[in-house]
Amino acid sequence: METLIRCAKNVGVPLKVIPPLEKLLPDPSRTFHLGIDGEHQKNNASLAVMLSREFMLQRTSRVLRTSKEEPPLNEEVLSEEEKSGLMETEHPGRCQIVELPSRGIRLLIDGAHTIE
């Protein structure tokens with residue numbers, strides 16, 4: 001991490017470390033399931049949330065709110081909308097199981113770029 005910080009400073013770009021998904025949960029002891037399987041998807045989900053927040057902040061120049069009555073979203077915790085989006089995410093063709101019961105066939109489709 002020290003190398004990344006030093007390199008970012010040397011070229012004059014900001015560096016933001018994205019927190020693990022578990023740190024964004026209001027109650028880390030409660031079970032939370034992503035719509036996409038794989039332990040590595042937790043890092044992807046955290047990055048996606050932070051990128052979307054930054055994108056909206058850059059586009060609107062204001063802190064996101066879930067409604068006009070609510071205070072700004074807490075950067076430390078996922079909103080209900082973010083949690084719902086992460087739980088409902090699908091990635092067709094990536095570790096997807098397709099059942100063809102009339103033929104007694106079960107297919108595993110994985111059109112990803114990984115070796116697995």
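Helices, in this talk, are DSSP runs of H or I with at least four residues, and strands are runs of E with at least two; both are numbered from the N terminus.

Good morning. The structure shown above is a predicted model, in which local features need a pLDDT of at least 70 and side-chain atom pairs count only at pLDDT 80 or more, while totals for chains, interfaces and linings use all residues. Residues are numbered from 1 along each chain as its sequence is written, and side-chain values use heavy atoms, with hydrogens and water left out.

I begin with the overall architecture. The chain contains three helices and two strands, and along the sequence these elements follow the pattern α-α-α-β-β.

How much of the chain is buried? The chain has 116 residues, of which 16% count as buried. Buried means under 20% relative accessible area, exposed means over 50%, and partly exposed lies in between, with a 1.4 Å probe and protein chains only. The chain exposes about 9500 Å², and carbon and sulfur atoms supply 55% of that area; the areas come from the Shrake-Rupley method with a 1.4 Å probe, and for residues only the protein chains shown count as cover.

Next, contacts, which are heavy atoms within 4.5 Å. Among contacts in the chain with a separation of 6 or more, 43% join residues 24 or more positions apart.

I turn now to salt bridges. A salt bridge is a side-chain nitrogen of Lys or Arg within 4 Å of a carboxyl oxygen of Asp or Glu. By this rule there are five in the model.

Which residue forms a salt bridge with Glu 82? The partner is Arg 53, and the closest N and O atoms are 2.6 Å apart. This pair links distant parts of the chain, for Glu 82 belongs to helix H3 (residues 80-88) and Arg 53 to helix H2 (residues 41-60), 29 residues apart. Both Glu 82 and Arg 53 are buried.

Helix H3 also holds Glu 80 and Lys 83, which are three residues apart, about one turn of the helix. These two form a salt bridge, with 2.8 Å between the closest N and O atoms. Glu 80 is exposed, at a relative accessible area of 54%, whereas Lys 83 is buried, at 14%.

Finally, Glu 39 forms a salt bridge with Lys 42, the closest N and O atoms being 3.2 Å apart. Glu 39 is exposed, with a relative accessible area of 58%, while Lys 42 is partly exposed, at 26%. Glu 39 and Lys 42 are linked with Glu 22 in a network of salt bridges.

Thank you for your attention.
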